[in-house]
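Work through the exercises below with the structure open beside you. Try each task before reading its solution.

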Amino acid sequence: MWTYERITYNPRILGGKPIIRGTRVSVQFILELLAADMTVDEILDEYPQLERLDILAAMDYAAKSIAQEEIIVPTEFSPAFAPAMVPA
């Protein structure tokens, strides 16, 4: 898939964080912009070196990274926040 053609890392750039190839823009930064309610078009206007597929690749990379994560549930948690975890 094109995600891995657009996402790379280099230990000398941003401490080895995943970045958009050919830039110093990290996947994390793109996700933070989206979480701050910036639209894809706003990001592209602000960072003209990026392409729409770069942003989609960052989201795809993040989704695939999270899919491989182990979910750690704290030993003390509020059932209000995780009703599916409460024994019946």
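**Exercise 1.** Is methionine 59 buried, partly exposed or exposed?

*Solution.* The model is a predicted one. Begin with the cut-offs: buried means under 20% relative accessible area, exposed means over 50%, and partly exposed lies in between. Methionine 59 has a relative accessibility of 31%, so it counts as partly exposed. Its place in the chain is helix α4.

**Exercise 2.** Which residues make the nonpolar surface patch, and which helix gives the largest share?

*Solution.* Step two is to assign them to an element. Helix α4, residues 52-67, provides the largest share of the patch, with three residues.

**Exercise 3.** Find the buried residues named in helix α2 and state where they lie around its axis.

*Solution.* Helix α2 covers residues 27-35, and in it Val27, Ile30 and Leu33 are buried. Looking down the axis of α2, its buried residues fall within an arc of 125°, so they line one face of the helix. Next, ask what covers them. The cover includes strands β1 (7-8) and β2 (19-20), together with helices α3 (40-46) and α4. Just after α2, aspartate 37 has a positive phi of about 75°.

**Exercise 4.** Describe the aromatic pair in the structure and classify its geometry.

*Solution.* Two quantities are needed: a pair of aromatic rings is described by the distance of the centres and the angle of the planes. The structure holds one such pair. The ring centres of phenylalanine 29 and tyrosine 47 are 5.6 Å apart and the planes stand at 90°, so the pair is edge-to-face. The cut-off for that class is an angle over 60 degrees.

Now place the two residues. Phenylalanine 29 belongs to helix α2 and tyrosine 47 to the loop between α3 and α4; they are 18 residues apart, and the pair links distant parts of the chain. Phenylalanine 29 has a relative accessible area of 28% and is partly exposed. Tyrosine 47, at 22%, is partly exposed as well.

**Exercise 5.** How many helices and strands does the chain have, and in what pattern do they follow one another?

*Solution.* The count is four helices and two strands. Along the sequence they give the pattern α-β-β-α-α-α. For the chain as a whole, 25% of the 88 residues are buried. The accessible surface comes to about 6600 Å², and 57% of this belongs to carbon and sulfur atoms.

Terms used. Residues numbered from 1 in each chain as written. Predicted model: local features only at pLDDT ≥ 70, side-chain atom pairs only at ≥ 80, totals over all residues. Heavy atoms only, no water. Buried < 20%, exposed > 50% of the residue type's maximum accessible area, 1.4 Å probe, protein only. Arc of directions from axis to C-beta. Contact = heavy atoms within 4.5 Å. Phe/Tyr/Trp six-rings, centres within 6.5 Å; stacked < 30°, edge-to-face > 60°. Areas by Shrake-Rupley, 256 points an atom, 1.4 Å probe, with all protein chains shown as cover.
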